[in-house]
Amino acid sequence: MTLLELNSLVKAAVSGALPDLYWVIAEIAELKLNQKGHCYMDLVEKEDNRTIAQMKATVWAYEYRTLSRKFETSAKTPLKQGIKALLQVAVNFHEVYGLSLNIKDIDPAYTVGETELRKKEIVERLRKEGIIDLNRGISLPLVPQRIAIISSPTAAGYGDFTEHLEKNPYGYKFYHTIFPALMQGEDSEKSVLAAFDAIEKQKDNFDVAALIRGGGSAADLGCFDNYAIAARIARFSLPVITGIGHEKDDTISDIVAHTKMKTPTAVAEFLISGVGGFAERISALEGSVGLYAARLLSDSSNVLNLLTRRFTLLAAHVFTVPQGRLDELGNRLSAGLKQFFQIKTGRLAAAEQAVRLLDPAKVLERGYSITRYKGKALKDSSIVPNGAIIITELYKGRLGSIVSGQGGTDGKTEGA
Amino acid sequence: MVKPKELSYGSALAELEEIVGGMESEAVDVDALAERVARASFLIRFCKERLKGAEDEVKKIVLEIG
C-alpha cells in the first residue's frame with residue numbers, strides 16, 4: 001500500500017466517522033492570514049496553563065471576510081490570538097496536510113460572555129489588591145495645564161484632542177506632549193506600559209496623563225481591559241483621564257482611571273473647564289481686592305482722613321500749602337476711587353492707578369513733604385517739644401528745622 | 001518676596017486669598033493697603049499671564065518687582 005492509499009483510507013474513515021458539523025469551544029493560540037486571504041489558526045484547549053488539546057484550523061478567504069466582520073461587530077473584538085470562541089467546524093483529513101478543522105461559523109455570544117467574565121475577574125483582582133481606587137484618590141491639579149498624552153500620534157482621536165485644547169475660546173495655553181503607544185494588537189500592552197514609564201520618569205513636568213484612543217478598529221478595546229495596564233493606571237502618580245471613545249460599557253482602564261470621559265474631545269473639555277475654574281477663582285479674588293481696596297479708601301474715617309490729617313499738620317507747621325491743594329489731593333484720590341469702581345472693564349488698571357496715587361514718592365512730587373522727628377514720620381505735633389530738630393523730606397532733598405511752637409489741627413500755632 | 005521659581009498657582013492663590021481675607025477683616029493702614037494691592041495685582045497678573053502661556057511676560061513682571 002502506498003502512503004497515498006493509506007491516507008485516502010484515513011480520509012474516508014474520518015469523514016465517515018465525523019460526518020457532521022460540530023460546535024467546539026477552543027482558544028485561538030495563533031492566527032495568520034496568507035496572501036490569498038485564507039486564515040490559518042492553531043486551536044488549543046488549556047487546563048491550568050497547560051495545553052491538553054491542539055488542532056489546526058482554517059477559514060477560507062471568502063468565508064473569513066464575512067465571519068470575521070460578523071464576529072467583530074458583535075463581540076467588540078476582532079478574531080485574534082488569545083480569545084476563546086465557540087466554533088462550528090467540519091473535521092477534514094487531507095492527504096498532504098493532514099488533519100485539520102474547517103471553520104464554518106463562529107458564535108460571538110460565547111466570546112462576549114467569556115470577555116465579560118475575564119473583565120470581572122480582573123476587576124475583582126484589582127479590588128482585592130486594594131489598588132482599584134488609588135488613582136481616583138489623587139487630587140486633581142489646581143490647573144491642569146501640562147498634559148502627558150498616551151495615544152497613537154497618527155490617530156484621529158489624538159488630532160481632535162490637541163486641536164480642541166489649542167483652540168479653546170479662552171486663550172488658555174496647554175502644554176502637551178505625546179508618548180506614542182500602540183493602542184491595539186499584540187504589542188499594545190508593552191507599548192502602553194512603556195509610555196506610562198516614560199511619563200513617570202518626568203512626572204514633575206506634567207499635571208495629568210490623558211489616555212486617548214487612537215481610532216483604528218472601532219471594536220478592539222482589548223488593550224483597555226488588560227490587567228497590567230489597569231494596574232499601572234491605578235498606581236500611576238498623576239491623575240489619569242481616559243478618552244477611549246466607545247459607547248459600550250466602561251473598560252477596566254476607565255474603571256481605574258481618575259476620570260473617565262467618553263471621547264478625546266470630552267477630555268479636552270474637561271481640562272479646559274479645570275483651568276477655567278481656576279481662572280474664575282482668580283477673577284473673583286481680583287474683584288474682591290478692588291472692592292475692599294475701594295471700601296477701605298472710601299471709608300471717610302480711614303485713609304483719606306489720615307492723609308488729610310498728616311498733610312494738614314505738615315501744612316500748618318512746615319509749609320503753607322493752600323487749602324485748595326489739599327482739595328486737589330482729595331479730588332485725585334476720589335478720581336482714583338472712581339476708577340476702582342469701574343471694575344467691569346479695568347479692575348486691575350484701577351488698582352494700579354490707586355497704587356500709583358498712594359505712592360509716597362508721587363505725593364512728594366506734587367509738593368507735599370514728610371516731616372520726621374527722631375526718624376519717625378510725624379503725625380501729631382504735640383509730641384515734639386520746643387527746640388527739637390525735625391527733618392523735612394521733600395521730593396528732592398531734606399530740610400532741618402528747629403521747632404518753636406505747636407498747634408492744633410485748626411492751623412493756629414501756639415506759643416512763639 | 002517669594003522667588004519667581006517658588007511662585008506657583010497654588011502659592012499665588014493662597015497668598016491672594018490671604019490678602020483678600022486680611023483686607024476683609026482688618027483695618028489696613030494706607031501704606032500697607034498700597035503694598036497689598038500692589039502685591040495682589042502682581043499675583044493676579046502672574047496667574048493670568050501664566051494661564052495664557054505668556055511666560056516671558058511673567059518673567060518680565062518678576063524682574064520688575066523682584
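What share of the contacts in chain B with a separation of 6 or more comes from residues 24 or more positions apart? The share is 55%, where contact means heavy atoms within 4.5 Å. In chain A, residues 24 or more positions apart account for 63% of the contacts with a separation of 6 or more.

The structure is a predicted model, in which local features need pLDDT of at least 70 and side-chain atom pairs count only at pLDDT 80 or more, while totals for chains, interfaces and linings use all residues. Residues are numbered from 1 along each chain as its sequence is written, chains are lettered from A and ligands numbered from 1 in the order in which they are written, and side-chain values use heavy atoms, with hydrogens and water left out.

Chain A has twelve helices and 14 strands; helices (H or I, at least four residues) and strands (E, at least two) are DSSP runs, numbered from the N terminus. Of its 416 residues, 43% count as buried, that is, under 20% relative accessible area, with exposed set at over 50% and partly exposed in between (1.4 Å probe, protein chains only). The accessible surface of chain A comes to about 22200 Å², of which 53% belongs to carbon and sulfur atoms; such areas come from the Shrake-Rupley method with a 1.4 Å probe, and for residues only the protein chains shown count as cover. Chain B holds three helices and zero strands, and its elements run α-α-α from the N terminus on. Buried residues make up 39% of the 66 residues in chain B, and the accessible surface of chain B is about 3600 Å², with 51% belonging to carbon and sulfur atoms.

The strands of chain A may be taken in order of sequence. Strand β2 (residues 39-47) and strand β3 (residues 50-59) of chain A pair in the antiparallel sense over nine bridges; two strands pair if DSSP finds at least two bridges between them. Within this pairing, E45(A) stands opposite A53(A) in β3(A). β2(A) and β3(A) form a hairpin with two residues between them, and D48(A) in the turn has a positive phi of about 50 degrees. β3(A) is also joined by two bridges to strand β5 (residues 98-107) of chain A, and these two strands run parallel. There, A57(A) stands opposite L101(A) in β5(A). In a regular strand the side chains alternate between the two faces of the sheet.

Further along, five strands of chain A form an open sheet in the order β7-β6-β8-β9-β10, with parallel pairing. β7 (175-180) and β10 (259-261) of chain A stand at the edges with a single partner strand each, so one side of each is left without a neighbour in the sheet. Neighbouring strands of this sheet are turned by 20 degrees against each other on average, direction ignored. β9(A) and β10(A) pair over three bridges in the parallel sense, and T242(A) stands opposite K260(A) in β10(A). Helix α4 (residues 156-166) of chain A lies across β6 (146-151), β7 and β8 (208-212) of chain A, running at about 165 degrees to β6(A). Axes are lines fitted to C-alpha atoms, for helices over the stretch in contact, and angles run from 0 to 180 degrees between N-to-C directions.

A further open sheet of chain A has four strands in the order β12-β11-β13-β14, with antiparallel pairing. Here β12 (376-377) and β14 (398-402) of chain A stand at the edges, each with a single partner strand, so one side of each is left without a neighbour in the sheet. Three bridges connect the antiparallel strands β11 (residues 370-373) and β13 (residues 389-393) of chain A, and I370(A) stands opposite E393(A) in β13(A).

The aromatic side chains come next. The structure holds four aromatic pairs over all chains: rings of Phe, Tyr and Trp (its six-membered ring) pair if their centres lie within 6.5 Å, and planes under 30 degrees apart count as stacked, over 60 as edge-to-face and the rest as tilted. One of them is the edge-to-face pair of F196(A) and F236(A), at 4.9 Å centre to centre and 70 degrees between the planes. F196(A) lies in helix α5 (residues 188-201) of chain A and F236(A) in the loop between α6 (227-235) and β9 (240-243) of chain A, so the pair ties together parts that are 40 residues apart in sequence. Both F196(A) and F236(A) are buried.

The rings of F278(A) and Y9(B) have their centres 5.0 Å apart and their planes at 70 degrees, so this pair is edge-to-face. Because F278(A) lies in helix α8 (residues 264-298) of chain A and Y9(B) in helix α1 (residues 9-25) of chain B, the pair joins two chains. F278(A) counts as buried at 2% relative accessibility, and Y9(B) counts as buried at 7%. R50(B) lies over the face of Y9(B), at 4.5 Å from the ring centre; a charge sits over a ring if NZ of Lys or CZ of Arg is within 6 Å of the ring centre and within 35 degrees of the ring normal. In chain A, R125(A) lies over the face of Y227(A), at 3.5 Å from the ring centre.
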